[in-house]
Amino acid sequence: MDAYGAFFTDEKAVRVENIFLEFLKSFRLDPNSREPFYESEIAAMEASESTTMFVDFSHVMRFNDILQKAISDEYLRFEPYLTSACKRFVMEQKPKFFADNPNKDVNVAFFNIPLIKRLRELGTAEIGRLVSVTGVVTRTSEVRPELLQGTFKCLECGTVIKYVEQQFKYTEPTICVNAACSNRTKWALLRQESKFADWQRVKMQETSKEIPAGSLPRSLDVVLRHEIVEQARAGDTVIFTGSVVVIPDILALTSPGERAECRREASSQRKSTGGHEGVRGLKALGVRDLSYRLAFIANSVQISDGRRDTDIRNRKKDADEDDHQQFTTEELDEIQRMRNTPDFFNKLVDSIAPTVFGHQDIKRAILLMLLGGVHKITHEGINLRGDINVCIVGDPSCAKSQFLKYTSGVVPRSVYTSGKSSSAAGLTATVAKEPETGEFCIEAGALMLADNGICCIDEFDKMEVRDQVAIHEAMEQQTISITKAGIQATLNARTSILAAANPTGGRYDKTKPLKYNVALPPAILSRFDLVYVMIDDPDDQTDYHIAHHIVRVHQKQEEALSPTFTTAELKRYIAYAKTLKPKLSSEARKLLVDSYVALRRGDTAPGSRVAYRMTVRQLEALIRLSEAIARSYLETQVLPRHVHVAVRLLKTSIISVESGEIDLSEFQGETNDDDGGGDASGQGDAQPSTTAAEAAPSDTGNNEGSANQQKKKLVITDEYFQRVTQALIIRLRQHEETVKQEGTGLAGMRQRDLIEWYVAQQNERNNYSSIEELKNEYANIKAIIESLVRREGYLIVVAEGVTDVEEGGRPSSVSRNDRILAVAPNYVID
């Protein structure tokens, strides 16, 4: 080696460079193909104006075992030589590539390393080797310029020194190369002639499946350079390929207080003493090594979605997954085969969460949520949500959490969180201080990490109210706005939310609407497209099947489940279906409008008890559900049959609350007894209409019929009870108002007249198809009135009706049909 300017040449590295160049020139994937495989890589680089050559490591292993061993064992040593080989290869094949800038570098990026390590397995033994590591990205820094090779000018003599490698910090030349100059400190960086590269730091954390019991998740800093910056986003599960390096821990070096280090005492200070002292304390034992830490320098980023054959260069940066090239011919054939299976939609539904027995409606809702609607942007730039939000309300031990866990495992970008342990900042985003630079940065919360995925929130009802408010914006506008610590930002949270909640009293009360059963404000409840209730009712047949299924799963595990499609097939089918963008047909559009109007009409009907008001959000939910159903059928157009299914789903959803049943048997016997006397005596009275004459049951005169009717149980739905009650009370109130204004007439109304009025109203709407039906309703209304008087207390009897008088002057019978009824003074209509 000469005194100045000459460098030591690494002969082994030069050999590796030549073998690698030979590999690039001659490797063919198919022995019969004419041109080498990596010539097409140059064409791809030229097309995308890229300077990175992606090399599949499995090709290197097939080509030369010595080469792959040298690269994998000493990658950091050979990296400059491999880069040089790539540049030489490109210059030989395409000299025009460097026409605009002769000094342009070509970077090499390896992928498809056979062994992927976990984050915990990275130790000092891996330093300098080529390894792949997998984990979840939790934080990304901004892209900054990094100085790779500096060109310095000596301020003493003006000599220019080029190609000064930077050692993880700002590195100046040790001494000027000019023999007459001994400058060591005065240097000026020539920025125009120095080499800079894009640089980004990413924080990677272990996936939840890899964390051992009782341990906290480990994290590692990953440095991305050149064109792979901005490839990994927070929330992605990725595979980084590169090498482990040791860098100074700046945080430990700059922390206050005396740090643990080894000091060398100056010999001049010790001349006066008679000898050296012994070693005292830790600081003299070489503990300075603790101020270093491991970092990972990556040269390629692969999204870990279970499909290793994805084109690494054409990775989509956004959620627009409309490229069909990512599916191979075999995959497309398999998807078409699934679509052509008879009754395939129900089989798809059955393949969702196969360990859970039954609950077809909820499985259907989860399938449609996985497929999602179509995102749209208006001319004004307003985003129209395409994601479907689902809420499951149910009794304990109804497999709600099972559904959530299954869904979070199926979707690549998904987050599972519990409501009680989640804060507003943890769900949305928090502003944190960067430890090394001291700058404020945004750390992603659960909804941001689940961007373009699904966020599963368990125990949704146990969240604090102020934390629930934080997700209002994310659920409808799909953004998160932050204004704190000098940062004003609007972040994307394009996520579907699957929430599970328990009823307020522990068990769901069927007699009350949903809003009284769940401690959720209407603003959040209306943002869910589908709300399902799981009620744990004892039923011998269902209980037998559930128990049989659970015991079988415990006994045989995987063998007990035989879904038509595997989870892998289901994932591929959903991924393909999401690339379709179905459009609304004119017939479907008309049907959507009509369905919405009908739902609104049902909302305003007297006595109807809905979970919450039908709003335009429910219309948008119908559109999204129709698009998701069209996607499930792989259709490019939303047809009326898809809308019919969506409307049925919305109706079976608890938006129209499931009513309980009311037993009126105790009041039925008394009303039937009255019918005998009351109707016999009142038969001669002039009936005001033929309807009433038909409605009044004829006097049979035998007691057997009465006894049979007494034995028969009278059960009506809560919704019917409320509807009749409201109609009768409104009619009585109107009568009271009329009496007040005219100043004449009875304060109340005769029971017979009230029933005849209601029956006439229903008859005008053609609600009766037979005389039998009309008679049944007549009896039901009598029982309801009896219940309102005796049990509910909504009505009061103003005067009892007297019919016939016997010879002795006493009344023969008192008919309940002739008594005068009025609304109780303290009753208030909702």
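Axes here are lines fitted to C-alpha atoms, for helices over the stretch in contact, with angles running from 0 to 180 degrees between N-to-C directions. The model is a predicted one, in which local features need pLDDT of at least 70 and side-chain atom pairs count only at pLDDT 80 or more, while totals for chains, interfaces and linings use all residues. Residues are numbered from 1 along each chain as its sequence is written, and side-chain values use heavy atoms, with hydrogens and water left out.

**View 1. The crossing of helices α4 and α5.** Helices (H or I, at least four residues) and strands (E, at least two) are DSSP runs numbered from the N terminus. The axes of α4 (residues 65-73) and α5 (residues 75-93) come within 6 Å and cross at roughly 115°. Contact means heavy atoms within 4.5 Å, and by it Ala70, Ile71 and Asp73 of α4 meet Tyr75, Phe78 and Leu82 of α5.

**View 2. The crossing of helices α7 and α18.** Here the axes of α7 (residues 329-339) and α18 (residues 567-577) come within 10 Å, crossing at roughly 95°, so α7 is roughly perpendicular to α18. On the α7 side the contacting residues include Glu331, Leu332, Ile335 and Met338, and on the α18 side they include Glu569, Leu570, Tyr573 and Tyr576.

**View 3. The largest nonpolar core.** A nonpolar core is a set of buried Ala, Val, Leu, Ile, Met, Phe, Trp, Tyr and Cys residues joined through side-chain atoms within 4.5 Å, where buried means under 20% relative accessible area, exposed over 50% and partly exposed in between (1.4 Å probe, protein chains only). The largest such core has 59 residues, and those touching the most other members are Leu348, Ile352, Leu367, Leu368, Leu370, Phe403 and Leu498. Helix α9 (residues 360-371) supplies the largest share of this core, eight residues. Leu367 touches Phe345, Leu348, Val349, Ile352 and Ile574, when residues up to four places away in sequence are not counted. Apart from this core lies another, of 38 residues, with Leu447, Ala501, Val518 and Leu525 among them.

View 4. Helix α20 (residues 616-632) has 17 residues and reaches 24 Å from its first C-alpha to its last, close to the 24 Å expected at 1.5 Å a residue, the expected span being 1.5 Å times one less than the number of residues. Twelve of the 17 residues of α20 are buried, so the helix is largely enclosed by the rest of the structure; among them are Gln618, Leu622, Arg624, Glu627, Ile629 and Arg631. Leu634, in the loop between α20 and β24 (637-638), has a positive phi of about 55° although it is not a glycine. Leu634 is buried, with a relative accessible area of 17%.

**View 5. A positive phi at Asn112.** Most residues other than glycine have a negative phi. Asn112, in the loop between β2 (107-111) and β3 (116-117), has a positive phi near 65°, and Asn112 is buried at a relative accessible area of 17%.

View 6. With a disulfide taken as a pair of cysteine sulfur atoms within 2.5 Å, the count comes to zero. Cys157 is in no disulfide, and the nearest cysteine sulfur, that of Cys176, is 3.6 Å away. Cys157 is partly exposed, with a relative accessible area of 34%, whereas Cys398 counts as buried at 8% relative accessibility.

Notes: Parallel < 35°, antiparallel > 145°, perpendicular 65-115°, else oblique.
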